[in-house]
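This report takes up the surroundings of a ligand and then a helix beside it. Please have the sequence and the structure open while reading.

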Amino acid sequence: MNKISTKLAAYFTIAVFIMEGLLMLYLHDNIIDSRIQEEFQSILSRGNSHRDVLEDRYSNNTLHHIALMESKTETEVVITDKNHHVIISSKQLTNGMHELINDKPNSLPREGRVIEANWKDVNYLATVTSYKNDSNEGYVYMFKSASPLRNLISKLNGHFLLAGIMSIMILAGIHFLLSKMLTRPLIKMKKATEELSKGNFEVRLPKLGKDELGDLSTSIQKLANDLETIQNDRTEFLATISHELRTPLTYVQGYTNVALRDDLLEAERKEYLTIIQEESKTIVTLIENLFELAKMDENNFSIHMETIYSTTFFLKIINKITPAFKSQGIHLVLSSKDEFSFHADPIRLEQMIMNLLDNSLKYSKPDSTTTVIVEQGESGKMILTINDEGIGIPPNELSQVFNRLYRVEKSRSREFGGSGLGLSIVKELVEAHGGHISIESELGKGTSIKIIL
Ligand SMILES: Nc1ncnc2c1ncn2[C@@H]1O[C@H](COP(=O)(O)OP(=O)(O)OP(=O)(O)O)[C@@H](O)[C@H]1O
Ligand SMILES: [Mg+2]
């Protein structure tokens, strides 16, 4: 497998090597160069000072003195006459030295010249300076062994090699760290996503730092948790739906069996058939509502915004539903002061109001009043409040009434014939409008629902 840490380490190594290589070459050359220059400078100036002494007071004594002085140092001196015949030297001359001395320099500057600079191959570095006064003339040759310089340079090379090896070791360490910090978490995350795609949502990823890798890990963990929740919700939802459908279907089945009996009065048969008809209606509404919610879930349900004139619109709806309220003996009042316009999907808005009024109708006693209040909110908003004087909702269940298939007091639901989908549909519709819905209720006193669009 091509590991990302290996790739990164390889790029890193190449970059470091190029940088370090260039730097080392530069340093190496510079150090050696200046060292050699220093060396030459020192023997040249020694030669020059001997020349000064010779020009000043040339005598045998002086010559001996110079030779004696140099024999105690690392450098050697050879003094010749103008024909390159050796007068005195601080040491026995070697063949190489003879060759250099016999190789006559033509024009020599006053400060002398380097005549052997090949420190790599020869034994001695050498310089020459000429001296001249009234009676004497000649050359001062200075020699210095090249081996200390060679030693120094090979030591330097050793140091550079060591630095190179050390940096390779550091790079290996970096590679190891990178693989620990980068590759391993990535492999863990890859395994986690594979588990997710197999449907195993119980992945646990280690907590990483606050970098991109940590973010990715957190996101995958969140995805896993969300998928788990969704799956649990779906299982629970399916269980509830099958339960919801089974109840009316059991009624239908039971009453059909009864209605099929031969010894039944026509009136009784009719009564049973009516029950069957009503239960079938419940099933149809339930399925329609579920379908509606499924459409909203898939997001392929669209809102068609239109300009709506408040009083006209609400009056029409109230008129449509008033007969149902009248037949239950409940008063329905619309309070809408000045007409104003707002934007909403008229069909969806009617659906919301119908669902809410259906609840007020179902959960109110005769002779109570349901009030629909329409107000203009700031910046084109519409505020709709529906107050009823019905049975109310217990405070601890208030937060759950918007959940799908949730009903207060399930055992009594048959009495009202609800399926617990109305409010969840209303909530989805309000949210699709980008609006807000809230509910307040007091048990036995009534319920108030407020929608802001
Ligand atoms: N105005 C209200 N007064 C008292 N209880 C209410 C009122 N509105 C809703 N509820 C309670 O909240 C529950 C959920 O309401 P929702 O409209 O979602 O379902 P439903 O009316 O039971 O069935 P559906 O609307 O699907 O026919 C209801 O079962 C009821 O117990
Ligand atoms: Mg309802």
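## Polar contacts of ligand 1

A polar contact is a pair of N or O atoms within 3.5 Å; within protein, one must be able to donate a hydrogen and the other to accept it, and residues adjacent in sequence count only if both atoms are side-chain atoms. In this predicted model, a polar side-chain atom of S419 lies 2.9 Å from an oxygen atom of ligand 1, and one of N359 is found 2.8 Å from a ligand oxygen. V408 contributes a polar backbone atom, 3.2 Å from an oxygen atom of ligand 1. The protein covers 94% of the 590 Å² of accessible area (Shrake-Rupley method, 1.4 Å probe) that ligand 1 has on its own.

## The shell

Of the 17 residues around ligand 1 (those with a heavy atom within 4 Å), N359, D388, G420, L421 and L423 come nearest. The shell divides into 7 nonpolar, 7 polar and 3 charged residues, with Gly counted as polar. At least two shell residues come from each of α8 (346–362) and α10 (422–432), helices being DSSP runs of H or I with at least four residues.

## Helix α8

At the start of α8, a side-chain oxygen of D345 comes within 3.1 Å of the backbone nitrogen of I347.

## Basis of the values

Residues are numbered from 1 along each chain as its sequence is written, while chains are lettered from A and ligands numbered from 1 in the order in which they are written. Local features need pLDDT of at least 70 and side-chain atom pairs count only at pLDDT 80 or more, whereas totals for chains, interfaces and linings use all residues, and side-chain values use heavy atoms, with hydrogens and water left out.
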